[in-house]
Amino acid sequence: NPSSKGRADYLQKAVRILLQNGKAPQTICGIVRNIGREGQAASLLTLAELAGTYPRLLSFGQKRRLGVASALALNPRTLILDEITNGQDAIEKERMMQYLKTLNEEKGITIVLISHDMDVVRRYAKRAIVLKDGDLVYDGTPTALFGGAYDVEEWGLRRPTAAALAGSLGFTAATPEEFCRLLVRKGAED
């Protein structure tokens, strides 16, 4: 919990002591910078400029990003992230998701997202697993999930914006691109 860790300079000293003893990852991004690749992670997650900031003064979104950056300091093969885009404005959400996508594609880190943001799931997930009351009700691609064959609302999900808008106009579309293509076609037919 980044907000309860105390003063930034104390954290920097504590992590360096742990590093010397071989008992900690290289750094806690955004609070301790300029040590190895975590400085790069902090920069990409827009935390580098906050290195000296008292943790309780960080915004909710900054704390989210700090949590991810701290986990990356452990060099994980898998990151499990619960509602990681909550508290992020559209720009920060996009930055976070692009960074996670890069980690997955370039570093081979498996990203497990737990999310109710179906636009994020539709756009970034390669595989979607839906549980309802603890039971597996879907395991497949987001495109198939939101393509109209499944009543996702019955499972407590909200359709992504493009899929919901298409449904209100009488057709199905899983992606914004598909929505635009079908809308143009529908307009030409009318």
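Predicted model: local features only at pLDDT ≥ 70, side-chain atom pairs only at ≥ 80, totals over all residues.
**Ground rules.** I number residues from 1 along each chain as its sequence is written, and I use heavy atoms for side-chain values, leaving out hydrogens and water. Local features need pLDDT of at least 70 and side-chain atom pairs pLDDT 80 or more, while totals for chains, interfaces and linings use all residues.

**Helix pair.** I looked up α3 (residues 60-72) and α4 (residues 90-107). Helices here are DSSP runs of H or I, at least four residues, and strands are E runs of at least two, numbered from the N terminus. The two axes come within 12 Å and cross at roughly 15 degrees. That makes α3 roughly parallel to α4 (angles under 35 degrees). I noted the crossing of α3 and α4 as left-handed. From α3, the contact (heavy atoms within 4.5 Å) uses R64, R65, V68 and L72. From α4 come E92, M96, Y99, L100 and L103. By class I have 6 nonpolar, no polar and 3 charged residues in this contact.

I next checked the largest pocket, with about 900 Å³ of space. A pocket is an open set of points on a 1 Å grid, with protein on both sides within 12 Å along at least five of seven lines; lining residues have an atom within 4 Å of a point. Of its 26 lining residues, L113, A125, R127, A128 and I129 are closest to the centre. α4, β2 (110-114), α5 (118-124) and β3 (128-132) each give two or more residues to the lining. The lining has 17 nonpolar, 4 polar and 5 charged residues.

**Cavity.** How many cavities of 30 Å³ or more are there? I count 1. In a cavity, a 1.4 Å probe fits but cannot get out.

Methods. Axes fitted to C-alpha atoms, helices over the stretch in contact; angles between N-to-C directions. Parallel < 35°, antiparallel > 145°, perpendicular 65-115°, else oblique. Left-handed = near helix turned anticlockwise from the far one by under 90°. Nonpolar A, V, L, I, M, F, W, Y, C, P; charged D, E, K, R; others polar. Points joined across faces, edges and corners; volume = space filled by probe spheres on them.
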